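Trainee: I would like to go through this model with you. Could we take it piece by piece?

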Amino acid sequence: MTSTKKQTQVRLEEDVLAAGKAAAAARHLDFNKYVERLIIEDTTGARTAGMAAAQRLIDEHGTFLDDLEQQLDAPYADPQPGAAA
C-alpha cells in the first residue's frame with residue numbers, strides 16, 4: 001500500500017524545534033502529526049474560528065469567570081496580618 005503523504009524537510013532553530021516537540025508531546029501527538037494539524041488549522045480557518053469563539057466567551061462571561069476564580073481562590077488566600085491561623 002502506498003502512502004499519499006509526501007516527505008518534506010524543514011529547518012528550524014533548535015529552541016523552536018524543542019518547543020514544537022514539547023507542544024506535540026503535551027497533546028500526545030508525534031511531531032509530524034502536530035505540524036500537520038497546525039498547518040490544517042491555519043489554512044482552513046479552524047484556528048481563527050476557535051480563537052474568535054474563545055474571545056467571545058471571554059467578552060460575554062469574563063466578569064463572571066473572574067468572580068468565580070476569586071471565590072474559588074478565597075479559601076487558599078494568605079490570612080490577613082494579625083489574623084488567627
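Trainee: Is His-28 buried or exposed?

Mentor: The model is predicted, and in it His-28 counts as exposed because its relative accessibility is 74%, over the 50% cut-off.

Trainee: Where is His-28 found?

Mentor: His-28 is in the loop between H1 and H2. Its backbone deserves a remark: His-28 has a positive phi of about 60°, although it is not a glycine.

Trainee: Changing topic, how many salt bridges does the structure hold?

Mentor: The structure holds two salt bridges. In one of them Glu-36 pairs with Lys-5, with 3.5 Å between the closest N and O atoms. That pair links distant parts of the chain, as Glu-36 belongs to helix H2 and Lys-5 to the segment before H1, 31 residues apart.

Trainee: And which side chain meets Lys-33 in a salt bridge?

Mentor: The side chain of Glu-36 does, at 3.6 Å from N to O. Glu-36 and Lys-33 are three residues apart in helix H2, so about one helical turn separates them.

Trainee: Why does that spacing matter for direction?

Mentor: An α-helix has 3.6 residues a turn, so residues three or four places apart point the same way.

Trainee: Which residues are joined into one network?

Mentor: Salt bridges with shared partners join Lys-5, Lys-33 and Glu-36 into one network.

Trainee: What is the accessibility of each of them?

Mentor: Lys-5 counts as exposed, at 57% relative accessibility. Lys-33 is partly exposed at 35%, and Glu-36 is also partly exposed, with a relative accessible area of 28%.

Trainee: On to pockets. What volume does the largest pocket have?

Mentor: The largest pocket has a volume of about 530 Å³. Its lining is made up of 19 residues, and Thr-8, Val-10, Asn-32, Val-35 and Glu-36 are the ones nearest its centre.

Trainee: Which helix supplies the largest share of that lining?

Mentor: H2 does, with nine residues. Helix H1 (14-26) and helix H2 (31-44) each supply at least two residues of the lining.

Trainee: How many of the lining residues are nonpolar, polar and charged?

Mentor: The lining of the largest pocket divides into 10 nonpolar, five polar and four charged residues.

Trainee: One last topic, helix H3. What does H3 span between its end C-alpha atoms?

Mentor: Helix H3, residues 46-73, spans only 33 Å between those atoms, whereas a straight helix of 28 residues would span 40 Å at 1.5 Å a residue.

Trainee: Where does H3 bend?

Mentor: H3 bends at His-61, by about 75°.

Terms used:
Residues are numbered from 1 along each chain as its sequence is written. This is a predicted model: local features need pLDDT of at least 70, side-chain atom pairs count only at pLDDT 80 or more; totals for chains, interfaces and linings use all residues. Side-chain values use heavy atoms; hydrogens and water are left out. On a 1 Å grid over the protein atoms alone, a cavity is a set of points where a 1.4 Å probe fits but cannot get out, and a pocket is an open set with protein on both sides within 12 Å along at least five of seven lines; lining residues have an atom within 4 Å of a point. Grid points are joined across faces, edges and corners, and a volume is the space filled by probe spheres set on the points. Helices (H or I, at least four residues) and strands (E, at least two) are DSSP runs, numbered from the N terminus. Ala, Val, Leu, Ile, Met, Phe, Trp, Tyr, Cys and Pro count as nonpolar, Asp, Glu, Lys and Arg as charged, and the others, Gly among them, as polar. The expected span of a helix is 1.5 Å times one less than its number of residues. The bend at a residue is the angle between axes fitted to the seven residues ending there and the seven starting there. A salt bridge is a side-chain nitrogen of Lys or Arg within 4 Å of a carboxyl oxygen of Asp or Glu. Buried means under 20% relative accessible area, exposed over 50%, partly exposed in between (1.4 Å probe, protein chains only).
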